[in-house]
Amino acid sequence: MKKLSVIGAGNVGASTVQRLAESKLGDIVMLDVVPGLPQGKALDLMQAAPLMGYDVNIKGTNDYADIEGSDIVIITAGIARKPGMTRDDLLNINAKITREVCGNIREYAPKSIVITVTNPLDIITYAVYKCTGFGKKRVFGMSGLLDSSRFASFVAMEVGCSVKDVDAMVLGGHGDSMVPLPQYTTVSGIPISEFLPKDTIDRLVARTIDAGAEIVSLLKEGSAFYAPSAAIVSMVDAIINDSGRVVPVSVYLEGEYGFSDLCLGVPAKLGKNGIEKVIEIQLSEEQIVALSKSEKSVRHGIGKLDMGLYEKAFLV
Ligand SMILES: NC(=O)C1=CN([C@@H]2O[C@H](COP(=O)(O)OP(=O)(O)OC[C@H]3O[C@@H](n4cnc5c(N)ncnc54)[C@H](O)[C@@H]3O)[C@@H](O)[C@H]2O)C=CC1
Ligand SMILES: O=C([O-])CC(=O)C(=O)O
């Protein structure tokens with residue numbers, strides 16, 4: 001059995017633990033700072049095991065020693081946005097939480113693959129990459145798979161076809177400058193332009209970019225967690241089963257797409273070592289401009305991080 005640890009037992013963390021258990025992907029540790037919260041949720045999930053037929057162990061804890069030897073660690077600890085906020089507004093608080101989490105991952109799970117989820121996603125992924133020193137294969141962020149799934153669901157609703165036949169692709173940062181790629185979005189391999197007029201596609205692209213905020217404004221408290229946890233578990237499945245799935249992830253770039261020293265959503269092959277390969281695809285002039293805009297926005301956020309603190313953490 002693989003050992004999977006989820007840091008943060010809130011909406012995203014607890015739903016991820018439930019999906020991991022139901023997918024029988026490994027034994028799970030769920031950690032949170034709030035005393036009793038992860039323990040209570042873990043106990044509740046263990047009591048569902050006989051009904052759901054999952055034979056995995058789920059432990060709730062406030063003690064990082066329990067994540068010792070984890071194969072995969074998923075970081076969901078941090079605050080979620082409220083209506084009217086951007087993801088970038090979460091940076092100061094979540095960067096501080098992330099530093100503490102990273103120090104503990106370095107100490108207790110130094111061989112793990114780390115999947116970041118906490119927002120602002122690309123900036124936090126960069127911070128975790130720097131802070132852990134684990135290298136780009138073992139530190140990457142979940143966002144593009146969620147954004148692509150949202151785009152695919154909107155296409156299926158509009159075309160009136162099965163979601164099973166829709167493949168969508170969204171690149172760039174997980175924010176207002178994300179880059180949905182209609183040209184790489186298909187229904188049974190057929191470009192969506194064969195099914196939908198341009199103004200409809202433009203509307204679905206805009207809805208995809210705004211999809212997180214749409215849910216925040218409906219919920220009033222907190223943000224999405226059902227689709228995010230599904231995307232996280234798809235990525236964990238691809239790693240554990242060494243499946244070679246190609247999905248968009250936020251990864252540290254070293255010249256790919258012409259960008260360096262930041263994390264940005266690009267297609268990558270996932271396998272047992274984490275990121276097996278970053279895939280570079282042909283982009284149109286318009287898409288290159290959009291991706292550059294996204295890169296600038298993420299780089300601006302990275303500029304707000306106090307990197308001294310990360311480098312110091314790395315040296316401890
Ligand atoms: N990358 C993506 O696509 C997505 C990212 N998110 C982000 O994920 C994060 C979590 O979202 P939710 O679970 O909905 O929030 P939530 O508020 O329901 O849960 C967050 C949990 O983190 C815990 N926490 C806070 N500080 C901690 C620390 N130092 N150590 C351990 N745990 C700590 C809190 O006690 C809380 O239980 C947010 O930053 C949110 O914006 C959410 C959805 C999608
Ligand atoms: O919108 C948010 O703040 C949470 C998130 O990243 C998403 O649902 O895409």
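In the predicted model, the buried residues of helix α6 are Ile201, Leu204, Thr208 and Ile209; a residue is buried if 20 or more other C-beta atoms, placed from the backbone, lie within 10 Å of its own, exposed if 12 or fewer, and partly exposed in between. Helices (H or I, at least four residues) and strands (E, at least two) are DSSP runs, numbered from the N terminus. Seen down the axis of α6, the buried residues fall within an arc of 140°, so they line one face of the helix; the arc is that of the directions from the helix axis to the C-beta atoms. An α-helix has 3.6 residues a turn, so residues three or four places apart point the same way. On the other side of α6, Asp199, Asp202 and Ala206 are exposed. The cover over the buried residues of α6 includes α5 (144-159), β8 (170-171), β9 (179-180) and α7, where contact requires C-beta atoms, placed from the backbone, within 7 Å.

The chain is divided into domain 1 (3-141) and domain 2 (144-303), with bounds from an automatic or database domain assignment. Their centres, taken over C-alpha atoms, are 22 Å apart. Each domain gives 33 residues to the contact.

Residues are numbered from 1 along each chain as its sequence is written, chains are lettered from A, and ligands are numbered from 1 in the order in which they are written. Local features need pLDDT of at least 70 and side-chain atom pairs count only at pLDDT 80 or more, whereas totals for chains, interfaces and linings use all residues.

How values were computed
Two residues are in contact if their C-beta atoms, placed from the backbone, lie within 7 Å.
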